[in-house]
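Me: Hey, can you walk me through this one? I'm new to reading structures.

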Amino acid sequence: MVNVPTYDPGGTQRTQAQPEVNLSPEAFGAGAARALAGLGGQIAGLGGKMAEIEAREKEKDDTAEVMDAYTAGTGRLRDVLYNPETGLYARTGKNAAGVTTDAAQTSKAIQDDIEAGLKTPEQKQAFRQLWQRKEESTAESLVKHEFSQQQAYRSEAKTSALKNLEAEVVANYNDEKAL
């Protein structure tokens, strides 16, 4: 049934008293606000996780760059050391003198060249640490090579001097003045 308002002669509408309504915060969207706040917290947590994942991926990329650079440097140093014609280990006897110094200078040049191609200070630091270990092991090996070649050269020089003296004695066995 339709409710038709009635008017009294004063021209105002009759109204009935409103029943007392006890509204809770839920009626004004408090539950939705809590849900949205929770969602916001989840999104913030997701942002933190994404930053964490990005940092791990950057670290993996840096590691790959450093290992690639180290591999390239090691290949170049290997050629300097082991090339059959020009390598430092190919030097024998008297010619082996100074290989340790030559290796240190060459290694430093390779390091500087490779480091210039790395992008971040973290990559450069990681490469320096790896390269320092490589330089130390290479220097230790070359010191041993240089020492053994010097010993061989000295022994060969003594043997050659004795053979020369023996040949001199045989050639001049009749000449007292020569002996």
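Me: Is Lys108 buried, partly exposed or exposed?
Reply: Keep in mind that this is a predicted model. Lys108 counts as partly exposed because its relative accessibility is 42%.

Me: And what does the Lys108 side chain meet in a salt bridge?
Reply: Its partner is Asp112, at 3.1 Å from N to O. Both residues sit in helix α2, four residues apart, about one turn of the helix. Asp112 is partly exposed too, with a relative accessible area of 40%.

Me: Why would residues four places apart point the same way?
Reply: An α-helix has 3.6 residues a turn, so residues three or four places apart point the same way.

Me: OK, how many salt bridges does the structure hold?
Reply: Nine. One of them joins Lys119 and Glu65, at 3.8 Å from N to O. That pair links distant parts of the chain: Lys119 is in the loop between α2 and α3, while Glu65 is in helix α1, 54 residues away.

Me: Is Lys119 buried or exposed?
Reply: Exposed, because its relative accessibility is 65%. Glu65 is partly exposed, at 30%.

Me: What do the buried residues of α1 pack against?
Reply: They pack against α2 and α3. Among those buried residues are Leu77 and Leu81.

Me: Which residues does Thr138 touch, leaving aside its neighbours within four places in sequence?
Reply: Thr138, which lies in helix α3, is in contact with Leu77, Leu81 and Tyr89. Thr138 counts as buried because its relative accessibility is 9%.

Note on methods:
Residues numbered from 1 in each chain as written. Predicted model: local features only at pLDDT ≥ 70, side-chain atom pairs only at ≥ 80, totals over all residues. Heavy atoms only, no water. Buried < 20%, exposed > 50% of the residue type's maximum accessible area, 1.4 Å probe, protein only. Helix = DSSP H or I, 4+ residues; strand = E, 2+ residues; numbered from the N terminus. Contact = heavy atoms within 4.5 Å. Salt bridge = Lys/Arg side-chain N within 4 Å of Asp/Glu carboxyl O.
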